[in-house]
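Hi,

Here is the structure we talked about, with my notes below it. Have a look first, then read on.

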Amino acid sequence: AQVDWITAHADALHLAAVVHVGDIVDDNTDPTQWAAASRYAELAAVAPTLVVPGNHDYWVHGLPSLQTPGDQFGLGFMQYYGQDTMSSLNTSRPDHEYLDFSTHANDHLFPLKLRQPIPHHRNYFFYNMVGNIGFLGYSGAHKWLHTETDFREGCAWLSAQRGLDVVMLLTHWNAQDSGCSNGMAGTDVHKKMLTLPECKPL
C-alpha cells in the first residue's frame, strides 16, 4: 500500500526523494512482509531512494544478544539495498568490489561466541544531495569511535555544496535500545556532530 501511494502521488507532490529508515522486514519468516519489501525497487523509478538499516536488518529478533541461525547481520541489506556508501570509494579491493567484506558474520553453524562482528560500518554510511536537500545516513549498530571520521568527511563535503538549505540525518534508532551502540541514537549523534568543526557550518 505504501509503494502504491507513493508512486500514485509522486508527480503531484514533486517528490525530491524517498527515505526508508530501516527494518525492511520485522519478521523474516512472514512472506507478506517479503512481498512488500520486494516492491521497494519500484520506488527508484519515482525518485532517489535512500535506505538505512534497522535492528531487524541485522538480527531477526532485533537484538544482538538474541542471535539466531536466521540472522543476516546486515549482509543481505548491504547487498540488496546498497547505496553509494563510503565503502564504494575504496577501489583497491580485489575485483573492484564496492562492498567491504573484510569483517563479516561467520557461518551460522559456528557457536555464537565465535561469530564475528557485523559488517564494516562503511557499507552503511553515505552522504549525498538531492536538489537543495543534503542527506547523511548511518547505522546506529556501529560505534562513534569507528564512524567519526566518516561524519567529518560527510559534513565537509556537504558544507562545500552550493544551494544547500537543509541536511537530513538518517538513522533507524531514535533511542538507546535494540542493538543501538552507546551514543549512536539520532539525537546523540546530532549533538556529537555539532562539536565537529566540519559540521558546524551546517
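To get you going: which residue in E5 is the bridge partner of Phe 135? Keep in mind while you look that this is a predicted model. The partner is Met 168.

Next, helix H4, which covers residues 144–159. Its buried residues are Trp 144, Thr 147, Asp 150, Phe 151, Gly 154, Cys 155 and Leu 158. Look at the spacing of those numbers with this in mind: an α-helix has 3.6 residues a turn, so residues three or four places apart point the same way. The buried residues of H4 pack against strands E3 (126–130), E4 (133–137) and E5 (166–170), and also against helix H5 (186–193). I checked the length of H4 too: at 1.5 Å a residue, its 16 residues should span 22 Å, and the end C-alpha atoms are 21 Å apart, so the two values agree.

The largest pocket has a volume of about 540 Å³. Its lining comes from 28 residues, and those nearest the centre are Pro 48, Thr 49, Leu 50, Val 51 and Gln 83. Helix H1 (2–13), strand E1 (18–20), strand E2 (49–51) and E3 each supply at least two residues of that lining. E3 gives the most, with four residues.

There is also a cavity. Searching the whole structure turns up one of 30 Å³ or more, and the largest cavity has a volume of about 30 Å³. It is lined by Val 51, Phe 77, Met 78, Tyr 81, Gly 82, Gln 83, Thr 85, Asn 123 and Tyr 124. Val 51 and Gln 83 turn up in the pocket lining as well as in the cavity lining.

Is Asn 55 buried or exposed? Its relative accessible area is 5%, so Asn 55 counts as buried, the cut-off being under 20%. Leaving out residues up to four places away in sequence, Asn 55 touches Asp 23, Gly 62, His 172, Trp 173 and Ser 178.

Cheers

Methods
Residues are numbered from 1 along each chain as its sequence is written. This is a predicted model: local features need pLDDT of at least 70, side-chain atom pairs count only at pLDDT 80 or more; totals for chains, interfaces and linings use all residues. Side-chain values use heavy atoms; hydrogens and water are left out. The expected span of a helix is 1.5 Å times one less than its number of residues. Buried means under 20% relative accessible area, exposed over 50%, partly exposed in between (1.4 Å probe, protein chains only). Contact means heavy atoms within 4.5 Å. Two strands pair if DSSP finds at least two bridges between them. On a 1 Å grid over the protein atoms alone, a cavity is a set of points where a 1.4 Å probe fits but cannot get out, and a pocket is an open set with protein on both sides within 12 Å along at least five of seven lines; lining residues have an atom within 4 Å of a point. Grid points are joined across faces, edges and corners, and a volume is the space filled by probe spheres set on the points.
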